[in-house]
Amino acid sequence: MSPAPSYFDKPTGLTNGHSATNVTSFKLRHDGFGTRAIHVGSEPNSETGAVIPPISLATTYKQDGVGKHKGFEYSRSGNPNRNALESTLAAIEGGAFGLAFASGSATTATVITALGPDAHILSVNDVYGGTYRYIKRVAGENQGVTSSFVNLQDEDDAAILSAFQPNTKLVWIESPTNPTLRLVDIPRIVRLAKSHPSKPLVLVDNTFLSPFYSSPLLQGADIVYHSVTKYINGHSDVVMGALVLPARHTALAEKLRFLQNAIGAVPSAYDSWLAQRGLKTLHLRMKAHGTNALAVAKALQSSPYVEDVIYPGLPSHPQTALAYHSLSPHALKFVEQFREQYASIDDNSFPYSGMVSFRIRGGAEEADKFLTSTRLFTLAESLGGVESLAEVPAQMTHGSIPPAERELLGIGDNLIRLSVGVEETEDLVRDVEQALEATFST
Ligand SMILES: *Cc1c(COP(=O)(O)O)cnc(C)c1O
């Protein structure tokens, strides 16, 4: 498998072996994020001129002679919609290889299977619950995989290095973490991993920031991971996952491509088409998610009914400088424009994706009252869709973590997580304010 053109590196080649998009992709190399999201993998159909790719539901493809085909044999191995989406994902992450899977969890399973037996994984401690479960209960019990869960935010270099083993093959980073939005300094962890003789791969779960706010490959990561279910698809109607790798990892990409087909946890053509449609507005949505989340975070911060607001774009966040310095080039451009426009209210705050957590005064009762008093924020798990959602992690997404450990992670009964959507800013701010009033009025 030869790499598709990489959008941040020097040209590495023109074909990805299965996409008809190469010539246009080459021309698009220097285009901005939104232009790539809309055009790469979406060339007008050469037969009909349709500007939107048709949905290709065929499971099998005619061969003109044995082994003579147009790049497609059987839909699990590759189909036009999945291939198109994969080339778009690679283009917007600045990578060379994109691989799509049936869910984020199927992606986790495939990438960990690629490590082989008896590997050691070093993971950030408050990793996504499903990732923790897979590492411990599936890879641990069936693949002989051992693991260490380390506080990659606060531990010093020596402490982190001491957690590496001779067989450490993968470092799993998630930043910001869920739901307390702690950041991992990706270049620092990459440097530590590279300095260790086990030379592990560094994977970054970039789900919470999306390819718009963060480009982990530019920060030295080996693999970027997404639950496409969240921001990338963005409309709460597709479950899907993806990996993106840089051009230097051809052999690993080939291995993952083999496993994608052999394990068979692949997304359908229809879901691939939907996710690609969602992806075309990712840059617009992420800007709106960011500005709305910042406005909601500020409104919460000024409320007497709120103890504490967690949003990396607020100066009160202990790692706000790291958040700023880790912005992707395209997000930095947007953030600078945003700051210029709002120079009069310059307080060093900035949009940083759409997730906001806060601690309401009181406990479980107040949290419950708030969550049933919102009009626009729907009480539900998941995140990243155009509609705003709210949940209480202690009882919902993080309910399986033992209470003592939850307490250590700062996940109390009064912690509320918001996925701020792209509705009108004023309506969301008003909704949060009226729900707080309703919670505390007797
Ligand atoms: C949702 C999520 C996953 C798992 O993805 P699924 O598509 O639900 O399988 C992994 N990581 C993060 C950060 C997530 O939010």
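Hello everyone. In this model, the centres of domain 1 and domain 2, taken over C-alpha atoms, are 26 Å apart. Domain 1 covers 22-279 and domain 2 covers 282-440 of the protein chain, with bounds that come from an automatic or database domain assignment.

A word on what we are looking at. This is a predicted model, where local features need pLDDT of at least 70, side-chain atom pairs count only at pLDDT 80 or more, and totals for chains, interfaces and linings use all residues. Residues are numbered from 1 along each chain as its sequence is written.

Back to the two domains. How many residues of domain 1 are in contact with domain 2? There are 27, and they meet 34 residues of domain 2. By contact I mean that the C-beta atoms of two residues, placed from the backbone, lie within 7 Å. On the side of domain 1 that touches domain 2, the elements giving two or more residues are α2 (33-39) and α8 (210-213). Those names come from DSSP runs, numbered from the N terminus: helices are H or I with at least four residues, and strands are E with at least two. The residues on that side of domain 1 divide into 14 nonpolar, ten polar and three charged. Here Ala, Val, Leu, Ile, Met, Phe, Trp, Tyr, Cys and Pro count as nonpolar, Asp, Glu, Lys and Arg as charged, and the others, Gly among them, as polar.

Now the whole chain. Its secondary structure comes to 16 helices and twelve strands. The radius of gyration is 22 Å, close to the 22 Å that the globule rule gives for 442 residues, so the protein chain is as compact as a globular protein of that length. That radius is taken over C-alpha atoms, and the rule is 2.2 Å times the number of residues to the power 0.38. Along the principal axes, the C-alpha atoms fill a box of roughly 80 × 50 × 35 Å. Of the 442 residues, 49% count as buried. A residue is buried if 20 or more other C-beta atoms, placed from the backbone, lie within 10 Å of its own, exposed if 12 or fewer, and partly exposed in between. Among contacts with a separation of 6 or more, 70% are between residues 24 or more positions apart.

Let's move to the ligand. Which residues come nearest to the ligand? Of the 16 residues around it, they are Ser103, Gly104, Ser105, Tyr128 and Ser227, where being near requires a C-beta atom, placed from the backbone, within 6 Å. The shell has three nonpolar, ten polar and three charged residues, and α4 (104-113) and α5 (129-142) each supply at least two of its residues.

Do have a look at α4. This helix is mostly covered, with nine of its ten residues buried. Its buried residues pack against β1 (97-101), α5, β5 (201-205), β6, β7 and α9 (250-263).

An unreviewed UniProt entry annotates Lys230 as "modified residue: N6-(pyridoxal phosphate)lysine"; positions are given in the numbering used here, feature names are shortened, and annotations may be inferred rather than shown by experiment. Lys230 sits in the loop between β6 (223-227) and β7 (241-245). Is Lys230 buried or exposed? It counts as buried because it has 22 C-beta neighbours inside 10 Å. Not counting residues up to four places away in sequence, Lys230 touches Thr207, Leu383 and Gly384.

I'll finish with some backbone details. Most residues other than glycine have a negative phi, and most peptide bonds are trans. Where are the cis bonds to look at? One joins Ser175 and Pro176, with omega about -5 degrees. Another runs from Asn178 to Pro179, with omega near 5 degrees. Pro176 lies in the loop between β4 (168-174) and α7 (186-195), and Pro179 also lies in the loop between β4 and α7.

Then there are two serines with positive phi. Ser353 has a phi of about 65 degrees, in the loop between α13 (329-341) and β9 (355-360). Ser353 counts as buried because it has 29 C-beta neighbours inside 10 Å. For Ser382, phi is near 75 degrees. Ser382 lies in the loop between β10 (378-379) and β11 (389-391), and is partly exposed, with 14 other C-beta atoms within 10 Å.
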